[in-house]
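Have a look at it first, then read on.

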Amino acid sequence: MKQITKTTTFVLVTALAFTTVHAPSAEAAKKVTLSKKKITLTVGKRAKLKLKNCKKKVKWTSSKKKVATVSKKGVVTAKSQGSAKITAKAGKKKYTCKVKVIAKNSDSTNTSAPSTTQTPIALTTPPPMTNSSATASPAPVVSDSVINNFTTLKNYILTNGTTNSSGNKFIRYYDSDNTPFDIEYSSESKTFYFSFPFDYTGSDYTVDSAFVLGIKEASLGSATSAYKFSYSNGLWGLYTCTTNTANITDHNTLTWTKLEGTYPTEGNHLANNLSNSALNLGCYGWSYLLRDSVNMTLNDLGFSVS
């Protein structure tokens, strides 16, 4: 129930952030579009495609069933590594989605390809490790137990983690919606990265997003987060926040700073709520990851999650 509440809240805030600043015209609302044009899936994972604003019967087909299959309801299942095209036919018109299937050990995530008009946040890309929040206070001195717990976590990741394309080790937890929550350790920068992607298809929009929170070993009491979201209508934004780790809860009201993007200034309060909601969801997923891997909670690392 707790997971459903957090995910639902995040989806509602995402929808509010879109509809408040963008009211589609009646003509645009009638346009038939496929919910996603590109998706990347790990072998064995699934994704739901939808032909929006279509009142006709839809026939789904796959160009390579050995790579990916699709059900009568548009559910794509990744079978083996490779590429395939999923086609939705309604009447005489066809709509296609390119599907890339990767091996289970790959560090790519189950999310749509971001727009090429902007630079996406890769899950292995660190957030700006600067004080982007005017209200952020100096990092406090953390307890010996917190230091020891981070050391235990680091050793576990280095010993049991999977190596990503950057050469860093990470561990992962999938929730019931197949959203991957990661904790990565960079030996080069001596930084822990907590991250997850999130994509959602609404009735008149789609959104792709990525969240990453970085904590340096040299300042374990301070965390810098970056959240980037991109709507299908071209609106996108990159927001950051630096705060004491102890200020992070599972019902955050932190102040975020816009670094770049096309999301309008008048919607900053909505983007702030969206960023906090994303952090709340992240805390949920990382809590389960820590429990299942090193038998810890976020509080053991200095957070204040109930």
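Which residue just after helix 4 takes a positive phi? That's asparagine 295, with a phi of about 55°.

Before going further, some ground rules. This is a predicted model, so to speak of local features takes pLDDT of at least 70, side-chain atom pairs count only at pLDDT 80 or more, and totals for chains, interfaces and linings use all residues. Residues are numbered from 1 along each chain as its sequence is written, and side-chain values use heavy atoms, with hydrogens and water left out.

**Helix 4**

Helix 4 covers residues 268-294, 27 residues in total. (Helices here are DSSP runs of H or I with at least four residues, strands are runs of E with at least two, and both are numbered from the N terminus.) From first C-alpha to last, helix 4 reaches 37 Å, close to the 39 Å expected at 1.5 Å a residue; that expected span is 1.5 Å times one less than the number of residues. Helix 4 is also mostly covered, with 20 of its 27 residues buried, meaning under 20% relative accessible area with a 1.4 Å probe, protein chains only.

**Two open sheets**

Strands count as paired if DSSP finds at least two bridges between them. Here are the two sheets side by side.

| Strand order | Pairing |
|---|---|
| 3-7-6 | antiparallel |
| 2-9-8-5 | mixed |

In the three-strand sheet, the edges are strand 3 (46-48) and strand 6 (68-70), each pairing on one side only. The twist averages 20° from one strand to the next, using lines fitted to C-alpha atoms and angles from 0 to 180 degrees between N-to-C directions. Strand 3 pairs with strand 7 (residues 75-78) over three bridges, in the antiparallel sense, and lysine 48 stands opposite valine 75 in strand 7.

Strand 2 runs parallel to strand 9 (residues 93-102), paired over five bridges; threonine 40 has lysine 100 in strand 9 as its bridge partner.

Mean pLDDT (the predictor's confidence in each residue, from 0 to 100) is 81 for the chain, and 77% of residues reach 70 or more. Confidence is highest in helix 3 (residues 144-160), at a mean of 97, and lowest in helix 2 (residues 26-29), at 45. Where pLDDT is low, the predicted coordinates should not be read in detail.

Notes. Buried < 20%, exposed > 50% of the residue type's maximum accessible area, 1.4 Å probe, protein only.
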